[in-house]
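Here's a quick tour of one protein model, spot by spot.

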Amino acid sequence: MLAFDYGLRQIGVAVGNSALGTTQPLAILRARDGQPDWTQVAALCKEWEPDLLLIGDPLNMDGTVSDFAQRARKFARRLEGRLGIAVEMVDERLSSFEVKQQQREAGHSGDYHESPVDDLAAELILKDWLRQR
């Protein structure tokens, strides 16, 4: 399976194996206003042959659907329509915050433009999904 941490400028991607319970960060795709290079997305899917795509669902803290969550859900629908692979939304509240905190503790400079962590956020989404199973 592949997990995506949706963003307007960057989309983090991680890969995992549900049978083995393994995960790893895979890539950070550049995006323009939330739109990736779809040929890159298709190439990743061709290479890894996922049976499921997980998309982080950036809900508000109270569980309501934010405008950004609406955009992430539209991205998910496009993925499913373009690739014909099942898509599931995964609650990602605080995932980026958690990853950034972990990275700061590990010595990250805090410059996330220079050294982004979107792929690690995607991996956290995947790990959370596996833990819930």
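Let's start with Asp91, which sits in strand β6 (residues 87–91); helices (H or I, at least four residues) and strands (E, at least two) are DSSP runs, numbered from the N terminus. Keep in mind that this is a predicted model, where local features need pLDDT of at least 70, side-chain atom pairs count only at pLDDT 80 or more, and totals for chains, interfaces and linings use all residues. Residues are numbered from 1 along each chain as its sequence is written, and side-chain values use heavy atoms, with hydrogens and water left out.

- Asp91 counts as partly exposed because its relative accessibility is 35% (buried means under 20% relative accessible area, exposed over 50%, partly exposed in between, with a 1.4 Å probe and protein chains only).
- The C-alpha atoms of Asp91 and Gly56 are 6.0 Å apart, though 35 residues separate them along the chain.
- Skipping neighbours within four places in sequence, Asp91 is in contact (heavy atoms within 4.5 Å) with Asp57 and Leu59.

**Ser66 in a loop**
- You'll find Ser66 in the loop between β5 (53–57) and α2 (67–83).
- Ser66 is buried, because its relative accessibility is 11%.
- A polar atom of the Ser66 side chain lies 2.9 Å from the backbone nitrogen of Ala69.
- Not counting residues up to four places away in sequence, Ser66 touches Pro58 and Asn60.

**Where α1 meets α2**
- The axes of α1 (residues 38–48) and α2 come within 11 Å and cross at roughly 65°; axes are lines fitted to C-alpha atoms, for helices over the stretch in contact, and angles run from 0 to 180 degrees between N-to-C directions.
- On the α1 side, Trp38, Val41, Ala42 and Cys45 meet Phe75, Arg78, Leu79, Arg82 and Leu83 of α2.
- By class, that contact has seven nonpolar, no polar and two charged residues (Ala, Val, Leu, Ile, Met, Phe, Trp, Tyr, Cys and Pro count as nonpolar, Asp, Glu, Lys and Arg as charged, and the others, Gly among them, as polar).

**Helix α4 and Glu123**
- Helix α4 (residues 118–132) has 15 residues and reaches 21 Å from first C-alpha to last, close to the expected 21 Å (1.5 Å times one less than the number of residues).
- Among the buried residues of α4 are Ala121, Leu124, Ile125 and Trp129.
- Leaving aside neighbours within four places in sequence, Glu123 is in contact with Ala14, Thr23, Gln24 and Pro25.

Key
A polar contact is a pair of N or O atoms within 3.5 Å; within protein, one must be able to donate a hydrogen and the other to accept it, and residues adjacent in sequence count only if both atoms are side-chain atoms.
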